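Keep the picture open while you read.

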Amino acid sequence: MQNTVQNYDVVVVGGGPVGLATGWQAAERGHRTLVLDRYGFFDERGGTSGAERHWRLQYTQEDLFRLTLAARPLWHRLEHLAERTLIHHIGSLWFGDVDVDTNEGRIADTARVMDKLDVGYEWLGAREIERRYGFTALPDHYEGFMQPDGGTIDVRGTIAALYGLGQRAGCEFRSGERVLALEPDADGVTVRTGRQEYRAAKVVLAAGGHTNDLLGPLGAELDVKLYEMPLVSLRRRDERADFPFWFVFQQPTDEDTNLFYGFGRNPWSPGDLVRLGTVFEVNPLDHADRATGLPDPRHVGRVGEWVARHVPALDPTPVHTSACLAALPGDPGRQFHLGPVGHLVPHGEHIVVYSAGWGFKFVPLLGQICVDLAVDGRTAHDISRLSPSALREARP
Ligand code: BEZ
């Protein structure tokens, strides 16, 4: 038997980093807030797996670049309130074929935006990249830049900080409670879970790869593609070897996107392993529940091949492999879906959605924008590119 309906100003569906950042900031602004998660907080199945994520300022698209600049002071505030360092400035190195077009952007065009926005970087040729960072046999035409403010984000530290600050601000959290349906009407939204019914003035839907499970029954589906991207932990042959965050841009092959990246040592967790991955947008899953957590062995093999040719400081035999569920917008130019869904579903003006994309670097800003949109109906940031677009729109 269900309990009586509980009322909230804001109900956040999804307790990943963006949901937690939203819950914390909504409660901090004095709104009665609840965050629901189908698994448990700190669970890694939703896609926020592993210890680290890339922190970078640079984007090829100026509007997105301005969003990282806007995120930076919010990270500082989060670090200050949580009394811990969350971003480690080990630098962000982009190199390779400077005109190749990738989901990450393009190297040469990004350098032009850095010039325009007066963000410092050092431009490096192939031999200098080899000399400084220990890569070998890079094609002569490879070039790129080191952006020293970039680096790596402590994923688990960030999640713990957001959860702790949310609790301190009075946000309520319920885990193991899966939302089965959202029912928007003229006055708000009824949120049905397997255990309870809630009434929310506004809902923030931050359910990652599960977003369409809740929007679909309302008649709209976001253009989201789901992939399992491989992650590989490799042993350093020499404990003095270290790397900035690096990403190599290369021409795609017939089989895959041919993009590899890696981290240096984790400044917050000593050890002799480093983590590498690929961004191969191939073989999309048709539902997040089909994720296996296992990497495609061919993709793991491709990392090993690249390392064997170009990174002598690493032993190319994986010590550990895993896969990270990545939800990405079907249109790579947009990067995320962020905004109210009022134009997609009836009474969608009460629902704000964040879904898909490489969003970790924006987490405190995404939380702030979701609260702005839910509570004030607008935000000062230019998010026009990110407005949710549908595969299938609500039928009248
Ligand atoms: C990023 O910078 O957003 C990123 C880094 C590595 C893999 C995918 C995305």
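A polar contact is a pair of N or O atoms within 3.5 Å; within protein, one must be able to donate a hydrogen and the other to accept it, and residues adjacent in sequence count only if both atoms are side-chain atoms.

## Before you start

This is a predicted model, where local features need pLDDT of at least 70 and side-chain atom pairs count only at pLDDT 80 or more, while totals for chains, interfaces and linings use all residues. Residues are numbered from 1 along each chain as its sequence is written, and side-chain values use heavy atoms, with hydrogens and water left out.

## Around the ligand

Let's begin with the ligand. Which residues are around the ligand? They are His54, Arg56, Glu104, Phe245, Phe247, Tyr261, Val279, Trp358 and Lys361, each with a heavy atom within 4 Å of it. By class, this shell has 5 nonpolar, 1 polar and 3 charged residues. Here Ala, Val, Leu, Ile, Met, Phe, Trp, Tyr, Cys and Pro count as nonpolar, Asp, Glu, Lys and Arg as charged, and the others, Gly among them, as polar.

Now zoom in on ligand oxygen atoms. One is 2.5 Å from an N or O atom in the His54 side chain, and for the side chain of Arg56 the distance is 3.0 Å. Lys361 has a polar side-chain atom 2.7 Å from an oxygen atom of the ligand. On its own the ligand has 260 Å² of accessible area, and the protein covers 94% of that (Shrake-Rupley method, 1.4 Å probe).

## Two domains

The chain splits into domain 1 (6-48 + 156-223 + 333-394) and domain 2 (92-148 + 225-329), with bounds from an automatic or database domain assignment. Their C-alpha centres are 30 Å apart. Each side gives 15 residues to the contact, meaning heavy atoms within 4.5 Å.

## Where the domains meet

How many salt bridges cross the interface of domain 1 and domain 2? The rule finds 1, asking for a side-chain nitrogen of Lys or Arg within 4 Å of a carboxyl oxygen of Asp or Glu. Asp289 and Arg38 form a salt bridge, with their closest N and O atoms 3.3 Å apart.
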